[in-house]
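Please open the model in your viewer and keep the sequence panel beside it. The stops below say what to select next and what is to be found there.

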Amino acid sequence: MGLLDQLTGMLGNSTDGTEGQGGMLGAMNSLLEQNGGLGGLVEKFQQGGLGEIVSSWISTGDNQAIAASQIEQVLGNEQIAALAGKMGLDTSQVAQSLATALPQLVDKLTPNGEVPAGNTDLLSQGSSLLKGLFGQS
């Protein structure tokens, strides 16, 4: 079970690709799993020429914004389309949602300014973040 599966279970949402909050959480989980976890996703952004942006999300300073077009560039049309299909949204909506959520998610999952080796203590931090991101109280 992945970290976001655990977080999703705690929040009472599903990761079955349904629309809405559960759909977005499922998409984030799929994104991490398809890219080899948080470290793999960070590496993909670095290889895509966006190392400075993703590094800002990891560091303890301010997060640089990312455009939906940059998300599409790094992840590729195929991966965005697959996520869109699971969520029942179009690709531009998914890319925009990821552009909004990814900086915050990566920032909260890297509280000490580095990508952690494991999921230790990420559950409580990620749960609070996801509640804020997806309007849970």
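A residue is called buried when its relative accessible area is under 20%, exposed when that area is over 50%, and partly exposed in between, with a 1.4 Å probe and protein chains only. This is a predicted model, in which local features need pLDDT of at least 70 and side-chain atom pairs count only at pLDDT 80 or more, while totals for chains, interfaces and linings use all residues. Residues are numbered from 1 along each chain as its sequence is written, and side-chain values use heavy atoms, with hydrogens and water left out.

Of its 137 residues, 43% count as buried. Among contacts (heavy atoms within 4.5 Å) with a separation of 6 or more, 63% are between residues 24 or more positions apart.

Next, select glutamine 47, which sits in helix 3 (residues 37–58). Glutamine 47 is exposed because its relative accessible area is 63%.

Now show helix 4 (residues 68–87) together with helix 5, whose axes come within 8 Å and cross at roughly 120°. That angle makes helix 4 oblique to helix 5, since angles under 35 degrees count as roughly parallel, over 145 as roughly antiparallel, 65 to 115 as roughly perpendicular and the rest as oblique. Axes here are lines fitted to C-alpha atoms, for helices over the stretch in contact, and angles run from 0 to 180 degrees between N-to-C directions. To see where the two helices meet, colour residues including Ile71, Leu75 and Leu83 in helix 4, and Val94, Leu98 and Leu102 in helix 5.

Staying in helix 4, select alanine 82, which counts as partly exposed because its relative accessibility is 37%. From alanine 82 to valine 94 the C-alpha distance is 10.0 Å, over twelve residues of sequence.

Finally, move to aspartate 107 in helix 5 (residues 91–109). Which side chain of opposite charge is nearest to aspartate 107? That side chain is lysine 108, 4.3 Å away, and aspartate 107 is buried yet has no salt bridge, a term for a side-chain nitrogen of Lys or Arg within 4 Å of a carboxyl oxygen of Asp or Glu. For charge, Lys and Arg count as positive and Asp and Glu as negative, while His and the chain ends are not counted. Leaving aside neighbours within four places in sequence, display Trp57, Ser59 and Asn63, with which aspartate 107 is in contact.

Note on methods:
Helix = DSSP H or I, 4+ residues; strand = E, 2+ residues; numbered from the N terminus.
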